[in-house]
Amino acid sequence: MRFIAITSCALMLGAGAPAFAQATLANVQERGMLNCQVGLPTPGFYALADDGTWSGMDVDMCRAVSAAIFGDPDMVEYQSVTSAVRFTALANSESDMLSRTTTWTAVRDTQLGLDFTAVNMYDGQGFLVPADSGITSALELDGATICVLTGTTTELNLADFFRANGMTFTPVTNENVNVLIETYLGSGCDAYTNDKSGLAARRSAFPDPTAHVMLPETISKEPLGPVVRQGDDAWANLVRWVIYGMMNAEELGITQANVAEMTASADPNIARLLGTEGNIGEGLGLSADFMVNVISAVGNYGEIYERHVGADTPIGIPRDGTLNALWTNGGIMYAPPFR
């Protein structure tokens, strides 16, 4: 596993896909490494340990794709990129995929040369304020200064919310989330806004997490998931079906601990997913048992969620009763069938 930080990109986004876009899988295989873009270190999603090891829910999406291709989850070079340059880095082929709590929107999907693969978390934007501020609702933020990451849908949603409610605010912007957090903790703004999962993740690393409260309002829809360049349908399918495979594995009761024994199952749905019947991997340029490699390496979708951001982690984002539960448990996590 390697790590590279991208600080600038020389080329600008183009409307058309590059001619070599169709060769992504071949390029990754020849390189022997997946270039996977994550954000600046964030607990639960893309955390960077002192020894240089990356972990987190979105990191496991990178590891899953690596396992599908190479049979090894650690053939990944992680690229930590600010929000301002993330799409340029992807479009310029510096990254093979982006896995960093990125919101699927119409403009991003149709005008930036990007393809969104699948939603791996349903989220919404909120506000974090000091507990001793006495603020209990976002509607009490009229005239407040708000820390917000520039170049994001978060910034646009913030302006929409205040405009819709006839309120004013003063934005405090930066493209580096760490600078914004320092500003907020140093009382440089009255509130910090982000996706609620991001607020929970950042708060978990504060010196005193209990000194900050999340306001009840959710002011936007934020479907988050991995992104690839437009123009390589085969590569988009590969990433998409790895994610769907992990969701189907959870639905079928296949886990990291039992996947080996489940390869002997007579259930045709399990047999197709694990490659003992048919060969779905062939259509993706992968081995028939690619999902065995994925699940062995990272587990099913629910295992990834609970391990990194679930109710029993410092992030503490409950899944039960939310949109992120499987459709069989009242949520909307629903993957097309493997057949």
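## The largest cavity and its lining

The lining of the largest cavity is made up of six nonpolar, 12 polar and seven charged residues. Here Ala, Val, Leu, Ile, Met, Phe, Trp, Tyr, Cys and Pro count as nonpolar, Asp, Glu, Lys and Arg as charged, and the others, Gly among them, as polar. This is a predicted model, where local features need pLDDT of at least 70 and side-chain atom pairs count only at pLDDT 80 or more, while totals for chains, interfaces and linings use all residues. Residues are numbered from 1 along each chain as its sequence is written, and side-chain values use heavy atoms, with hydrogens and water left out.

A search of the whole structure turns up one cavity of 30 Å³ or more, and the volume of the largest cavity is about 380 Å³. Of its 25 lining residues, Tyr-46, Ser-83, Thr-101, Leu-149 and Asn-194 are the closest to the centre. At least two lining residues come from each of α5 (153-164), β12 (191-195) and α7 (196-204). On a 1 Å grid over the protein atoms alone, a cavity is a set of points where a 1.4 Å probe fits but cannot get out; a pocket is an open set with protein on both sides within 12 Å along at least five of seven lines, and lining residues have an atom within 4 Å of a point. Grid points are joined across faces, edges and corners, and a volume is the space filled by probe spheres set on the points. Helices (H or I, at least four residues) and strands (E, at least two) are DSSP runs, numbered from the N terminus.

The largest pocket holds about 280 Å³ of space. Among the 17 residues that line this pocket, Tyr-122, Asp-123, Lys-196, Ile-317 and Asn-324 are the closest to its centre. Two or more lining residues come from each of β8 (121-123) and α7. By type, the lining of the largest pocket has eight nonpolar, seven polar and two charged residues.

The second largest pocket has a volume of about 190 Å³. Its lining includes Asn-248, Trp-327, Tyr-334 and Arg-339. Both α8 (233-252) and α10 give two or more residues to this lining, and α8 gives the most, with three. The lining of the second largest pocket divides into eight nonpolar, two polar and two charged residues.

## A five-stranded open sheet

Next comes the sheet that contains β12. Five strands form an open sheet with mixed pairing, in the order β11-β10-β12-β9-β13. At its edges are β11 (169-174) and β13 (212-214), each pairing on one side only. From one strand to the next, the twist averages 30 degrees. Strands pair if DSSP finds at least two bridges between them; β10 (residues 144-149) and β11 have six, in the parallel sense. Val-148 has Thr-173 in β11 as its bridge partner.

Two helices lie across these strands. Helix α5 lies across β9 (125-130), β10, β11 and β12, at about 80 degrees to β9. Helix α7 lies across β9, β12 and β13, at about 120 degrees to β12. For these angles, axes are lines fitted to C-alpha atoms, for helices over the stretch in contact (heavy atoms within 4.5 Å), and angles run from 0 to 180 degrees between N-to-C directions.

## Strand β5, a covered strand

Strand β5 (residues 76-81) is mostly covered, with six of its six residues buried. Buried means under 20% relative accessible area, exposed over 50%, and partly exposed in between (1.4 Å probe, protein chains only). Val-76, Tyr-78 and Ser-80 point one way from β5, while Glu-77, Gln-79 and Val-81 point the other way. Strand β2 (residues 34-38) runs parallel to β5 and is joined to it by five bridges, with Gln-37 standing opposite Gln-79.

Most residues other than glycine have a negative phi. Ser-93 has a positive phi near 70 degrees and sits in the loop between α3 (86-91) and β6 (97-98). Ser-93 counts as partly exposed because its relative accessibility is 22%. Ser-187 also has a positive phi, of about 65 degrees, although it is not a glycine. Ser-187 is in the loop between α6 (177-185) and β12, and its 65% relative accessibility is why it counts as exposed.

Thr-263 lies in the loop between α9 (259-262) and α10 (268-274). With a relative accessibility of 29%, Thr-263 counts as partly exposed. Leaving aside neighbours within four places in sequence, Thr-263 is in contact with Leu-274, Thr-276 and Val-292. Thr-263 and Asp-289 are 26 residues apart in sequence, and their C-alpha atoms are 9.3 Å apart in space.
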